[in-house]
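Open the model in your viewer and keep the selection panel at hand. The tour moves from one selection to the next.

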Amino acid sequence: MLTIEIRDRIIAVLERDLEVKVDRLSSSIHSAVSEKIEFLGVEFQAVAPSVLHPPMSEKAKRARKKYLKMKAEKAQELKNARETRRKKLGLKILNHLFKRMRRGEEFEFDFRIENEVRQVFKDWAEETVAEYFKSQEHCQYWHRLLTSGDFLSLTRVRDQLPPALVDSYDKFQETLDRFFMPMRGHDMTEEEESLAEEEEKEYEKMTVEDLTELKMRANAPIELVRKAVKLAGFTNSMGRPRPIKLLLCLDDADIIKWYAGVGRRWLDFFCCCRNFRMVKTVVSYHLRFSCFLTLAEKHECTKRQAISHFTKDLKVANDDGVAEVHFPTEREIKMMGDKNLSDPKPVDGALTMILVRLAVDDTSYPCLAHFCAKTDTVLYRIRLLQNRLNVDPLNENKWVHGLSAIHESLNKKCLPLCSMHSSDLLLGKITLQDIDCTQFVDVK
Ligand SMILES: [Zn+2]
């Protein structure tokens, strides 16, 4: 009810005060549990906590147990090795002292340390005993040894013995039981049992949460991303990477920057999503290899040669001859995804437009980026995706739902940009909104 009221109030303001037309059909309220809600290009859905944190499979549990056991064994081994070394050293010292004592040598000290040494040895002994009896196995062993073959518990024998002896024997047995009595079952150690208990508790908590709580899941619309990737020509109809012919006329660095601009924006935008891994695959595999294929086609070489020249990280030399990396490296991509919501910057600008460098050596134009006064510029021509594909972005069947398009009127316009701003525009750090679009240059 509250949601409906809020919706109605918003619509009232929109229609009455702002005189905007609201689509009644699209603004009806749906269930957040049974349907996905689209917001800012991300799909939201309320799900049970177990969907976000699925319980460990039996296989995973076994693997974890094995890992823990291995870790404990390794730690024990290290500890044993340390103790062995210490024991050897101690024995050496004692041996040495003993030999000198036997030869009748006297040790002269400025201070008497017998008491301290005695205390140290006493502490050690006590610690060792305490440590020893902590182990259930050792206790069991002693209990078994000390209680087996106890003919003193036979009535016939007891009757013939002095009561004091029988009493003291009984007392001894009681003490034995008190200290050494095995507490639990033989086949399950204490550790395993507490582990099982913990698991059971965890399961219980999860079950109750699943029935009572709902959590919000944010997913990247992976189908749309795939469709956009296909539309822009990164992949063929089979979903395999392919070269983009339109980019062949660009500089190597500009090709890589363009790919990096698209990839980085997707990674930035969807980093909070639950299925971010799939977006990572699209960028790290499909975009990266489409880039290799484009570069290979441009230089008329094989993909393998392109990879060995540019390396897997797509290194390219800048104007000063220094190798730069623009495309996110595989390692970088692997580490991404802190599940925090980021400031969403639209991907569309970088994806739906390319800048073709013109072979005009007229450097009299100033850079068109706002607040840039540089005159050392290069002319670029804007080419829009929809014109290249001859697709109307308003036709939802042909275009990708949610992917906005740059206005038709900007197609084939020419703009001078300094090296920094052309790079920023390609990499998606700035958009056409940061450019003075009234100052386009006419090139015949
Ligand atoms: Zn500039």
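Leaving aside neighbours within four places in sequence, which residues is Tyr259 in contact with? Select Tyr259 and look for Leu287, Cys291 and Phe327: these are its contacts beyond four places in sequence. Remember while you look that this is a predicted model.

**Stop 1: confidence**

Colour the protein chain by pLDDT. The mean is 83, and 93% of the residues reach 70 or more. Confidence is highest in helix 11 (residues 276–298), with a mean of 91. Helix 14 (residues 348–351) is where confidence is lowest, at a mean of 66.

**Stop 2: the largest nonpolar core**

Go back to Tyr259. Together with Val279 and Cys291, Tyr259 has the most contacts inside the largest nonpolar core, a set of 59 residues. On the helical side they are helix 9 (222–232), helix 10 (252–269), helix 11, helix 12 (303–310) and helix 16 (419–427). Strand 6, strand 7 and strand 8 belong to the list as well. Helix 10 gives the most, with 9 residues.

**Stop 3: Lys280**

Stay with helix 11 and select Lys280, which is part of that helix. Is Lys280 buried or exposed? Lys280 counts as buried, because it has 21 C-beta neighbours inside 10 Å and the cut-off for buried is 20 or more. Not counting residues up to four places away in sequence, Lys280 touches Ile333 and Met336. Lys280 and Gly263 are 17 residues apart in sequence, and their C-alpha atoms are 8.9 Å apart.

**Stop 4: the annotated domain**

Select residues 216–314. An unreviewed UniProt entry places the feature "domain: Domain X" here. Over this range the chain is 61% helix and 4% strand.

**Stop 5: strands 6, 7 and 8**

Start with strand 7 (residues 377–384). Strand 7 is mostly covered, with 6 of its 8 residues buried. Which strands pair with strand 7? One is strand 6 (residues 353–357), which runs antiparallel to strand 7 and is joined to it by 5 bridges. Pick Val356 to see an example: its bridge partner in strand 7 is Arg381. Strand 8 (residues 414–418) also pairs with strand 7 in the antiparallel sense, over 5 bridges. Here, pick Leu379, which stands opposite Pro416 in strand 8.

**Stop 6: two positive phi angles**

Most residues other than glycine have a negative phi. Two loop residues are worth a check. Phe371 sits in the loop between strand 6 and strand 7. Phe371 is not a glycine, yet its phi is positive, about 65 degrees. Phe371 counts as exposed, because it has 7 C-beta neighbours inside 10 Å.

Next, select Lys412, in the loop between helix 15 (385–389) and strand 8. Lys412 is not a glycine either, and it has a positive phi of about 65 degrees. With 13 other C-beta atoms within 10 Å, Lys412 is partly exposed.

**Stop 7**

Move to strand 1 (residues 37–39) and strand 2 (residues 42–47). They pair in the antiparallel sense over 3 bridges. Phe39 has Val42 in strand 2 as its bridge partner. The hairpin has 2 residues between the strands, and Leu40 takes a positive phi near 50 degrees. Now extend the selection to strand 3 (residues 215–219). Strand 2 and strand 3 are antiparallel too, paired over 5 bridges. Phe44 finds its bridge partner, Ala218, in strand 3.

**Stop 8**

Select helix 4 (residues 114–134). Its 21 residues reach 30 Å from first C-alpha to last, close to the 30 Å expected at 1.5 Å a residue. How many residues of helix 4 are buried? The number is 0, so helix 4 lies largely in the open.

End on helix 7 (residues 163–180). At 1.5 Å a residue, its 18 residues should span 26 Å, and its end C-alpha atoms are 25 Å apart, which agrees. Helix 7 is hardly covered: 1 of its 18 residues is buried.

Conventions:
Residues are numbered from 1 along each chain as its sequence is written. This is a predicted model: local features need pLDDT of at least 70, side-chain atom pairs count only at pLDDT 80 or more; totals for chains, interfaces and linings use all residues. A residue is buried if 20 or more other C-beta atoms lie within 10 Å of its own, exposed if 12 or fewer, and partly exposed in between; C-beta atoms are placed from the backbone. Two strands pair if DSSP finds at least two bridges between them. UniProt positions are given in the numbering used here, feature names are shortened, and annotations may be inferred rather than shown by experiment. The expected span of a helix is 1.5 Å times one less than its number of residues. pLDDT is the predictor's confidence in each residue, from 0 to 100. A nonpolar core is a set of buried Ala, Val, Leu, Ile, Met, Phe, Trp, Tyr and Cys residues joined through C-beta atoms within 7 Å. Two residues are in contact if their C-beta atoms, placed from the backbone, lie within 7 Å.
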